[in-house]
Amino acid sequence: MEFPKVEIGRRIRMLRREVGITSEELAKRAGVSQSMVSQIERGLVSPSLETLWNLANSLNVQIFAFFDQTDGERVNVYRRDDELVVKRIRPNSEYHLLSPSIGKDIGFFKLVVDPGEEVEDQVIQHKGEECGYILEGTLIVEVGPDRYTLTEGDAIFFDSELPHRFFNPGEKPAVAVWAMTANWR
């Protein structure tokens with residue numbers, strides 16, 4: 001699946017207009033240039049993970065709001081064959097969206113992290129809380145100055161405002177079920 005930069009740009013523009021701010025104001029809040037926001041909204045560039053997180057936080061939405069494909073129904077069923085898979089948010093990772101995120105207080109997804117060396121990814125932080133349950137493999141989760149090695153059957157919960165990142169030190173993919181809440185409203 002190719003990175004959906006045109007769709008993400010369209011959704012960022014839509015969300016920005018719903019909030020009632022200019023592209024200049026969004027750029028200021030997100031710590032990027034107005035030119036960058038314009039290029040992202042027009043689908044000309046693929047934003048980095050850090051930029052997506054900053055834009056999401058600036059718009060008071062979860063990052064998955066940029067990828068969500070729901071129609072605002074009160075009940076949504078996600079079938080295995082229809083799940084939205086997002087790649088390239090982080091190196092070696094896939095996010096399988098299992099719930100709607102636009103206008104919701106919780107995001108639910110399956111996380112698949114391929115094995116690989118520790119990448120010098122920047123840590124992320126955002127409003128809300130998150131928790132994960134490891135189904136397969138090993139996942140190292142760094143939260144603040146601490147590092148947690150999780151294996152099948154382990155779970156973690158943390159305040160998302162703490163700087164965090166993760167990677168897979170194993171030899172097979174790590175698979176986890178993850179949920180993130182946010183105080184967007």
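Reader: Is asparagine 168 buried or exposed in this predicted model?
Author: Buried means under 20% relative accessible area, exposed over 50%, partly exposed in between (1.4 Å probe, protein chains only). The model is predicted, so local features need pLDDT of at least 70, side-chain atom pairs count only at pLDDT 80 or more, and totals for chains, interfaces and linings use all residues. Residues are numbered from 1 along each chain as its sequence is written, and side-chain values use heavy atoms, without hydrogens and water. With a relative accessible area of 1%, asparagine 168 is buried.

Reader: Where is asparagine 168 found?
Author: Helices (H or I, at least four residues) and strands (E, at least two) are DSSP runs, numbered from the N terminus. Asparagine 168 sits in the loop between β8 (164-167) and β9 (174-181).

Reader: Which backbone nitrogen does the side chain of asparagine 168 reach?
Author: A polar contact is a pair of N or O atoms within 3.5 Å; within protein, one must be able to donate a hydrogen and the other to accept it, and residues adjacent in sequence count only if both atoms are side-chain atoms. A polar side-chain atom of asparagine 168 lies 2.9 Å from the backbone oxygen of lysine 172. At 2.7 Å, the side chain also reaches the backbone nitrogen of glycine 170.

Reader: Which residues does asparagine 168 touch, not counting those up to four places away in sequence?
Author: Contact means heavy atoms within 4.5 Å. Asparagine 168 touches Val113, Asp114, Pro115, Gly116, Thr138, Leu139, Pro173 and Ala174.

Reader: How many helices and strands has the protein chain?
Author: The pattern along the sequence is α-α-α-α-β-β-β-β-β-β-β-β-β. That gives four helices and nine strands.
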